[in-house]
Amino acid sequence: MWKRVAAMVALVLAPVVLSGQSGTDNQRWIATWMAAATSRTEGAAPQAADVRGEIPPAVVAVAPGQQLPVGGQSPLHVNNQTLRQIVHVTIGGPRLRVVLTNVFGTAPLSIGAAQVALRDHDASIVPQSSRPLTFDGSAATTIPAGTIVLSDPVALDVRDFADLAIDLYLPNDTAAMHSPITTHAASWQTNYVSMPGNHVGVAALPVQTTTAYRRQDGLPTATWFFLARVEVTAPAATDAVVALGDSITDGTASGIDLNNRWPDHLARRLLTGNLRTAVLNAGIGGNRVLADGNGVSALARFDRDVLAQPGVRHVIVLEGINDIGGARDKPAPGARDLIAAHRQLIERAHAHGLTIYGATLTPFEGANYYTAAGEAKRQALNDWIRTGKAYDAVFDFDAAVRDPGHPARTLPQYDAGDHLHLNAAGYKAVADTIDLSVFRPRAAARTAAR
């Protein structure tokens, strides 16, 4: 049995090289954008709208009457409406396909129609760029509970760093599914919900509302629904790097619709350096290494969010601060527990031929879950990341943003204000510490090593 399972996993993870098709010789599918899946389980009613603070300009532009519900993610349900969701790819290509997800669902999810297009601005798309998405030739599909579905390939010339608009017409009421909803809680990207009806591919979506909401700390953001990733065809030598992390990787406080997360900055550095490597953001706000919380633990999601990504060759891990902060003064989990968990991630990456890099945890003194005991754990984990020689390379994010006179704190110019998350300048600063030479193609790396 286990041999059959191992063979199936190997088949799924093997690179798919396309040949014998016009324009696709020596090409393969590679993920160029992803959203790490989280589960929204129905529970307490949404809190009253928080009318304080700024509503994002993109929301005001299309839904000026919308007030932002407060909570952990958008409480939205969709019924006979079209979702138009915006994704920012890293590398482009001549063909693409979209992967939809119902991985946390316990009931089937009906997709009545779907299209993909180049986004123009707000909820509008570039004329004549819309392409219908089909599924084994059908315009509609049903995603069984706990699974994903890949669209058929479509021809669309997607440039590097393009914004795509992915339209999903949901004919049924998602509330009537009585099922967890598969989302990515914090997109930091405005996404749109139509007036009733099938509006896929319409140039200017008739917007009823957006998926925006306000976090408990007052920050506005938004949610992606049912999107797993976008893949493009690229030369067979093209690789991808997955950034596995928590809210600091997810981009908390980086701004709305600005693509200022540190993986965004890394993607731009790579292409500027003529290294065609896709960057996939597998950050989940509130995520932990050892325990489930916001999203399942890093250990539990590693296969789905890292190993299953087409074209992945590298992994960057920035995880552990929520395990530390959540424990407060409790001894467990301790630094030894976290080190053991990181070793597990390293062994699993190496078993699949991936290189894996460790990023040191950034300072958090002043954060609402800071304790002296937690700081001691952070320092111990960072010391092991730097000196343990278990990771293939180390990126010292801590050194990039800490206050030299008070190393437990972030420098004010990089602090988003909560003493945990970074601002846009801080995210750029940590991305700038990454040694791009580790992403060189294998042949070039071997030549350089001689």
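Predicted model: local features only at pLDDT ≥ 70, side-chain atom pairs only at ≥ 80, totals over all residues.
Author: Residues are numbered from 1 along each chain as its sequence is written, and side-chain values use heavy atoms, with hydrogens and water left out.

Reader: Why is strand β20 described as largely enclosed?

Author: A residue is buried under 20% relative accessible area, exposed over 50% and partly exposed in between, with a 1.4 Å probe and protein chains only. Strands (E, at least two residues) are DSSP runs, numbered from the N terminus. In β20 (residues 227-235), eight of the nine residues are buried, so the rest of the structure largely encloses this strand.

Reader: Which strands pair with β20, and in what sense?

Author: Two strands pair if DSSP finds at least two bridges between them. Strand β2 (residues 27-34) pairs with β20 in the antiparallel sense over seven bridges; within this pairing, V232 is the bridge partner of I30. Strand β5 (residues 93-101) is also antiparallel to β20, over five bridges, and L100 stands opposite L227.

Reader: What does the side chain of T82 reach?

Author: A polar contact is a pair of N or O atoms within 3.5 Å; within protein, one must be able to donate a hydrogen and the other to accept it, and residues adjacent in sequence count only if both atoms are side-chain atoms. T82, in strand β4 (residues 81-88), has a relative accessible area of 0% and is therefore buried. Its side chain reaches the backbone oxygen of G197 at 3.0 Å.

Reader: How many aromatic pairs does the structure hold?

Author: Rings of Phe, Tyr and Trp (its six-membered ring) pair if their centres lie within 6.5 Å; planes under 30 degrees apart count as stacked, over 60 as edge-to-face and the rest as tilted. The structure holds eight such pairs. One of them joins W33 and W224 edge-to-face, at 5.0 Å centre to centre with 85 degrees between the planes. W33 lies in β2 and W224 in β19 (residues 224-225), so this pair ties together parts that are 191 residues apart in sequence. Both W33 and W224 are buried.

Reader: Why is the pair of F364 and Y370 edge-to-face?

Author: The ring centres of F364 and Y370 are 4.9 Å apart and the planes stand at 65 degrees, so the pair is edge-to-face. F364 is buried, with a relative accessible area of 0%, whereas Y370 is partly exposed at 24%.

Key: Helix = DSSP H or I, 4+ residues; strand = E, 2+ residues; numbered from the N terminus.
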